[in-house]
Amino acid sequence: MPSSKRTRRSRIGVTIATAAATALAVALTLALTVTTYEHTSPRAARVEASGSVAGDVDCRRAKCVALSFDGGPSPTTPGLLDILEQNGLHATFFVQGRGHIAKYPDILRRISDEGHEIGNHTWNHPRLTDLDDADARQELTRTQEAIEKITGTRPVLMRPPEGRTNRHVAEICRDLGLAQILWSVTAKDYETTDSALITQRVLDQTHRDGIILLHDLHKGTVPAVPGIIKALEQRGYTLVTVSQLLAPAQPRPGMVYRP
């Protein structure tokens with residue numbers, strides 16, 4: 001065989017081997033990225049659980065969706081609480097420390113007193129995956145302590161800022177007794193003040209066993225809530241807290257719940 005052909009074949013072989021090695025490396029990286037923490041869905045958690053459900057809503061039978069709010073408490077939160085009270089509903093509030101819990105403790109106390117669920121949304125709202133373990137733990141611990149001091153109750157739920165989590169964050173949450181709650185519906189209400197658009201985005205994305213993410217601190221959000229509630233109820237949805245959506249399953253520390 002001429003040496004030029006052997007060289008060409010050798011080069012082709014090297015190229016194929018290199019491409020295969022690259023593809024394998026990418027696949028392994030993706031696999032590690034996906035499987036570095038445990039995750040499940042609210043529906044799957046319910047299916048695996050046994051026992052009865054406290055209260056009058058059983059999401060194994062009802063068409064449920066969880067309503068959650070991030071980033072408060074804020075001056076706009078009391079208006080939201082009024083709306084929820086008028087509609088006989090409870091929501092889950094993932095509250096933030098600096099500028100919120102620290103600034104509006106009375107609003108946080110009202111959230112608790114009116115029977116809403118409170119979760120941890122860190123103190124400074126950093127990406128926890130960008131921090132070392134000690135700083136990530138401090139972000140959550142400081143918020144836990146502040147919430148407990150004001151309400152008398154220590155949260156069992158948290159929401160990682162931007163939904164960013166990994167194995168290290170999961171281990172810290174497991175140590176602190178916190179389940180991680182992601183979402184399936186986002187109105188991106190941080191980028192618009194158009195309440196009608198916020199409403200439509202929520203309605204377009206909502207499905208049974210979903211988790212709606214809104215921010216009660218943004219200008220267009222609270223005015224959108226009455227229309228969201230009305231439209232979802234007309235479609236047969238029962239609006240619940242995150243823990244009600246999971247029941248009879250109990251939130252597992254460290255576990256990531258994503259619809």
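Buried residues make up 46% of the 259 residues in the chain, where buried means under 20% relative accessible area, exposed over 50% and partly exposed in between (1.4 Å probe, protein chains only). The model is predicted, so local features need pLDDT of at least 70 and side-chain atom pairs pLDDT 80 or more, while totals for chains, interfaces and linings use all residues. Residues are numbered from 1 along each chain as its sequence is written, and side-chain values use heavy atoms, with hydrogens and water left out.

The chain holds 10 helices and 10 strands. These are DSSP runs numbered from the N terminus (helices H or I, at least four residues; strands E, at least two). Contact is defined as heavy atoms within 4.5 Å. Of the contacts between residues at least 6 apart in sequence, 75% join residues at least 24 apart.

Strand S3 (residues 92–95) and strand S4 (residues 117–120) were examined next. Four bridges join S3 to S4, and the two run parallel. Strands pair if DSSP finds at least two bridges between them. Phe-94 has Gly-119 of S4 as its bridge partner. Glu-117 and Gly-119 point one way from S4. Ile-118 and Asn-120 point the other way. All four residues are buried.

Ala-91 lies in the loop between helix H3 (77–86) and S3. Ala-91 counts as buried because its relative accessibility is 0%. Beyond its neighbours within four places in sequence, Ala-91 is in contact with Leu-67, Phe-69, Leu-84, His-116, Glu-117 and Thr-241. Ala-66 is 25 residues away along the chain, with a C-alpha separation from Ala-91 of 7.3 Å.

Ser-50 sits in another setting, the loop between helix H2 (42–48) and strand S2 (64–70). Ser-50 has a relative accessible area of 67% and is therefore exposed. Ser-50 and Ala-247 are 197 residues apart in sequence, yet their C-alpha atoms are 9.2 Å apart.

Helix H8 (residues 195–205) packs with helix H9 (residues 221–234) at an angle of about 40°, their axes 8 Å apart. H8 is therefore oblique to H9. Angles under 35 degrees count as roughly parallel, over 145 as roughly antiparallel, 65 to 115 as roughly perpendicular and the rest as oblique. The crossing of H8 and H9 is right-handed. H8 contributes Ser-195, Ile-198, Thr-199, Val-202 and Leu-203 to the contact. H9 contributes Thr-221, Pro-223, Ala-224, Gly-227, Ile-228, Ala-231 and Leu-232. By class, this contact has eight nonpolar, four polar and no charged residues.

Notes: Axes are lines fitted to C-alpha atoms, for helices over the stretch in contact, and angles run from 0 to 180 degrees between N-to-C directions. A crossing is left-handed if the near helix is turned anticlockwise from the far one by less than a right angle, and right-handed if clockwise. Ala, Val, Leu, Ile, Met, Phe, Trp, Tyr, Cys and Pro count as nonpolar, Asp, Glu, Lys and Arg as charged, and the others, Gly among them, as polar.
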